[in-house]
Amino acid sequence: MNFDFTEEQVMLRDSVARFVQDDYDFDTRRRIAGSDEAMSRDNWRIFAELGWLSIPFAEEHGGFGGNAVDTMVVMEQLGKGLVLEPYFATVVLFGGLLQRGGSAAQLEHYLPQIIGGECLGAFAYLERQSRYELADVKTTATRMDGGYRLDGEKVVVFNGASADQLIVSARTSGAQSDEGGISLFLVPADAPGVERLDYRLMDGQRVANIVFSGVELAADALVGELDKGYELMQALVLEANVALAAEAVGIMELLNAKTVEYTKTRKQFGVAIGSFQALQHRMVDTFMAYEQTKSLLYRAVCAMTDDNEDAVTAIHALKVMVDRAGKLVFGEAIQMHGGMGLTDELDIGHYAKRLMMINTTFGNGDYHQEKFNALRYQQ
Amino acid sequence: MDTSFAPEDLAFRDEVRAFFAEAYDAELQGRLASKDPKVFKQAVIDWQKRLHEKGWVAPNWPVEYGGTGWDATKQFIFESERAAAGVRDVVPFGLKMVGPVIYHFGNQQQKERFLPAILASDEWWCQGYSEPGSGSDLASLKTKAVRDGDDYVVTGAKIWTTYAQHADWIFCLVRTSSEGKKQEGISFLLIDMKSPGIKVNPIVSIDNHHSLNEVEFNDVRVPVANLIGEQDKGWTYAKALLAHERTTIAGVADSKRHLAMIRDYAASEVNGGKALLADPLFQTRMSDIEIELMALEFTELRVLASVAVGGAPGAESSMLKIKGTEVQQALQALEMEVAAYFQGVLPNELTPEQLGHGFGSKARQSFMYGRAATIYGGSNEVQKNIIAKAVLGL
């Protein structure tokens, strides 16, 4: 029994941490957020050179062959820098789906491009009405000669504006909310009939609403089995939630540290406000909330790498705790920074906004609590 | 013990309701929603002038100064109807803050000079209390006013000054003496924002809006005639004002409306084929807040009733501030959950039609700026200190 990282994982962690510290300070991040693409392609090339884009992929395709621990290590450090480059969208979501369901030809074609930094990807799953239900899909893919015709709309697609390739969930049979009958398709973002409306979210990322009007797809655009896309998505989303939780843990650690530091230097009533017991106890609470979340993260990651049957329960529990602990941590961070915490100039509010988007991505705390309840208590 | 309304109160309620329905018209609401600061400012002024013409712009002022002279019940009805109709409250700095200070503690000349312009919304006020180094510990403020002939010369900086960019006047706490207790050397000054030496620096807040500012004073000359009451006694006047601010800060009526809106919103959101509002866990989240609000409404009424029979709003108003802002923030957080992914959408990025969802950016803005409520007006931590000391005797 140990919770140590391997030597390789320590190197990976230090490599991302060093980049964040040396090349991604808050002013740099602000400049990138304000740029046209809200990301830096130069940074993306650096990520490729440092091997970060290869982490979860099999060695036969040029990948690092990493597991959930490796992804966690990267995401935690990226969280600390509020890194805007689309690692989550391209590597975890787009790459993750291909890795799980892609055909040999798709893997051979796309994985080296992702690893080399030449292909940006996005996973278009959300629809206006669907909230957190992945099975609520109105977009249709209709059989036609030698392929499919795609019609419908996806919204709030992470990295949807910059992506070269999309994986789109579409209904190939069944009714609007059926789990069966959903299929996944690879769609080039510049295909005729694809129309993108891009905009920014509060956490600085650029997303898109994407309309598909009679987009013609070849038969080999299908990712995974026909009508079985839901299982693929479900498995991916479990992984994705763990990756997001790791990012959140990185953010919480940083918010807590910044808040403790601030209360040591901010003086009111002639003393540092950190000397007040009323505030000390609250900072102890946020510290414990962070530690508990980190523990659940480790529990979930261990269950995943052991292929343990508790993994699903642990991941639901983790997302509940990320929600509750995250809100406590950012709420206290803003409150204890007082008026300064309210300013756009300070980084505190930006970390809070990222935590809020993490909470709502692939199900908020309540959504996962209900899943947890159903697994644990249903008669 | 009786909280039912008398027939004349019911008639009054109908009159208020009818007035808001007519006077707060669509054209005005359109201008109030404008992103152009000049259009917004003029719309606010126009609205307050309509209230003034009706004689209702200052429900809490005594009749002799142009107020309504309403009793606690009528004030409660007016406030409830205003919020229920979605009518914006008046800008508080003139009508709710400095106005009462002037008619309580100002001299005759000051009353004649300032009160009519406040009532008519001809002059826009802002509040100069907090400083970069003085937040919760307000009495440690350092902005200096030094007497020089018939003027004070003011030097220093104020911060978190809401709407300073619109203001004609600022009321300030300034240090006139460093002798004795820190509360004892503070004076209350009215300063013309057009005075040479004043500089307003905008602060963008985490809702991506500009309402806050830093106001710098570099050797600003202020006539001694603009001193309220006695020199070095400003803290007493400010304390009276703070207690007043805290009774209105509970925002019960607005929270009731917000709750009703979230309820409708959650009824129209569907997750997995079921309305969000029908979800037992969501219902529990919502009822936790509603129960707290139901209690707070009566806590507020109890405080108002005691004020009506001569009790000054004291430490009880601290409780209204704490509980009121907690409820406001809980509602804002709940609305974000209803908005789900759309909570992240920034204003000005998409039209509601493009977004296909009306609530996202509104929820986000009120959630983000709402973080200020537990900080301003004396942080909730300071309010708890007040209750511990004044009520519990600790």
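Leaving aside its neighbours within four places in sequence, which residues is Cys119(A) in contact with? The legends below refer to a predicted model.

**View 1. Cys119(A) and its contacts.** Cys119(A) sits in the loop between helix 6 (104–115) and strand 1 (121–124) of chain A. Neighbours within four places in sequence aside, Cys119(A) is in contact with Tyr110(A), Gln113(A), Ile114(A), Asp164(A) and Gln165(A). Val260(A) lies 141 residues from Cys119(A) in sequence. In space, C-alpha to C-alpha, Cys119(A) and Val260(A) are 41 Å apart.

**View 2. Domain 1 against domain 3 in chain A.** Contacts join 20 residues of domain 1 of chain A to 22 residues of domain 3 of chain A. On the domain 1 side, helix 4 and helix 5 (87–101) of chain A each supply at least two residues. Helix 4 of chain A gives the most to this side, with 10 residues. By class, the domain 1 side has 11 nonpolar, six polar and three charged residues.

**View 3. Helix 4 and helix 8 of chain A.** Here helix 4 (residues 68–81) of chain A meets helix 8 (residues 277–305) of chain A. Their axes come within 9 Å and cross at roughly 150°. Angles over 145 degrees count as roughly antiparallel. Helix 4 of chain A and helix 8 of chain A are therefore roughly antiparallel to each other. Helix 4 of chain A contributes Ala68(A), Val69(A) and Met72(A) to the contact. Across from them, helix 8 of chain A contributes Leu297(A), Val301(A), Met304(A) and Thr305(A). Six of the residues in this contact are nonpolar, one is polar and none is charged.

**View 4. Chain A against chain B.** At this interface, 32 residues of chain A are in contact with 39 residues of chain B. Four elements of chain A give two or more residues to its side: strand 6 (194–200), helix 9 (311–337), helix 10 (348–360) and helix 11 (365–377). Helix 10 of chain A gives the most, with four residues. The chain A side divides into 13 nonpolar, 11 polar and eight charged residues.

**View 5. Domain 1 against domain 3 in chain B.** Chain B is divided into domain 1 (7–90), domain 2 (125–233) and domain 3 (249–391). The C-alpha centres of domain 1 and domain 3 of chain B lie 22 Å apart. Nine residues of domain 1 of chain B touch nine residues of domain 3 of chain B. On the domain 1 side, four residues are nonpolar, two polar and three charged.

**View 6. Helix 8 of chain B.** Helix 8 of chain B covers residues 252–268. At 1.5 Å a residue, its 17 residues should span 24 Å. The C-alpha atoms at its ends are 25 Å apart, which agrees. Buried residues of helix 8 of chain B are Val252(B), Ala253(B), Asp254(B), Ser255(B), Lys256(B), His258(B), Ile262(B) and Ala266(B). An α-helix has 3.6 residues a turn, so residues three or four places apart point the same way.

Key
Residues are numbered from 1 along each chain as its sequence is written. Chains are lettered from A and ligands numbered from 1 in the order in which they are written. This is a predicted model: local features need pLDDT of at least 70, side-chain atom pairs count only at pLDDT 80 or more; totals for chains, interfaces and linings use all residues. Domain bounds come from an automatic or database domain assignment. Two residues are in contact if their C-beta atoms, placed from the backbone, lie within 7 Å. Ala, Val, Leu, Ile, Met, Phe, Trp, Tyr, Cys and Pro count as nonpolar, Asp, Glu, Lys and Arg as charged, and the others, Gly among them, as polar. The expected span of a helix is 1.5 Å times one less than its number of residues. A residue is buried if 20 or more other C-beta atoms lie within 10 Å of its own, exposed if 12 or fewer, and partly exposed in between; C-beta atoms are placed from the backbone. Axes are lines fitted to C-alpha atoms, for helices over the stretch in contact, and angles run from 0 to 180 degrees between N-to-C directions. Angles under 35 degrees count as roughly parallel, over 145 as roughly antiparallel, 65 to 115 as roughly perpendicular and the rest as oblique.
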